[in-house]
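Please look over the structure below before reading the notes that go with it. The briefing is meant to be read side by side with the sequence and the coordinates on screen.

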Amino acid sequence: MTEERKLAILFTATILAARRLIDLDPNKPNTAKGYFVDRAIDDAVFILEKIDERWPSLVFVAKE
């Protein structure tokens, strides 16, 4: 996995997790945080896989 792909997953997962985490009280312990983050990562990976299926990467080989 490339660093660019890892950053794309991180960025997407952060946005997806933030929607759920913003409603939680930061002063109270909450076991749902881990679930929300794990779910957001899974959703981000799914989204990127769908993008890859629809628009596969083009690999150009330089001619010598």
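What follows is a short account of the fold, the nonpolar core, the helices and the salt bridges.

This is a predicted model, and its secondary structure comes to two helices and zero strands. Of the 64 residues in the chain, 12% are buried. The largest nonpolar core has seven residues, and both helix 1 (3-21) and helix 2 (32-54) supply at least two residues of this core.

**Surface of the chain**

- The chain exposes about 5900 Å², and carbon and sulfur atoms supply 61% of that area.

**The nonpolar core**

- The seven residues of the largest nonpolar core are Ile-9, Ala-13, Leu-16, Ala-17, Ala-40, Ala-44 and Leu-48.
- At least two residues of this core come from each of helix 1 and helix 2, and helix 1 gives the most, with four residues.
- Ala-44, which is a member of this core, touches Ile-9, Thr-12, Ala-13 and Leu-16 when residues up to four places away in sequence are not counted.
- In soluble globular proteins, nonpolar side chains tend to be buried together.

- Helix 1 has 19 residues and reaches 26 Å from its first C-alpha to its last, which is close to the 27 Å expected at 1.5 Å a residue.
- The residues Ile-9, Ala-13, Leu-16 and Ala-17 are buried in helix 1.
- These four lie on the same side of helix 1 because they cover an arc of only 95° around the axis.
- The buried residues of helix 1 pack against helix 2, whereas Glu-3, Glu-4, Leu-7, Leu-10, Phe-11 and Arg-19 are exposed on the other side of helix 1.

**Tyr-35 in helix 2**

- Tyr-35 has its place in helix 2, and with a relative accessibility of 49% this residue counts as partly exposed, since residues are classed as exposed only when they are over 50%.
- Between Tyr-35 and Ala-17 there are 9.4 Å in space, C-alpha to C-alpha, although the two residues are 18 residues apart in sequence.

**Salt bridges**

- The structure holds two salt bridges, and one of them joins the side chains of Arg-39 and Asp-43 at 3.5 Å, N to O.
- Arg-39 and Asp-43 both lie in helix 2, where they are four residues apart, about one turn of the helix.
- Because Glu-53 and Lys-50 are three residues apart in helix 2, about one helical turn separates them.
- Glu-53 is exposed, with a relative accessible area of 58%, whereas Lys-50 counts as partly exposed at 43% relative accessibility.

Note on methods. Residues are numbered from 1 along each chain as its sequence is written. This is a predicted model: local features need pLDDT of at least 70, side-chain atom pairs count only at pLDDT 80 or more; totals for chains, interfaces and linings use all residues. Side-chain values use heavy atoms; hydrogens and water are left out. A nonpolar core is a set of buried Ala, Val, Leu, Ile, Met, Phe, Trp, Tyr and Cys residues joined through side-chain atoms within 4.5 Å. Buried means under 20% relative accessible area, exposed over 50%, partly exposed in between (1.4 Å probe, protein chains only). Contact means heavy atoms within 4.5 Å. Accessible areas come from the Shrake-Rupley method with a 1.4 Å probe; for residues, only the protein chains shown count as cover. The expected span of a helix is 1.5 Å times one less than its number of residues. The arc is that of the directions from the helix axis to the C-beta atoms. A salt bridge is a side-chain nitrogen of Lys or Arg within 4 Å of a carboxyl oxygen of Asp or Glu.
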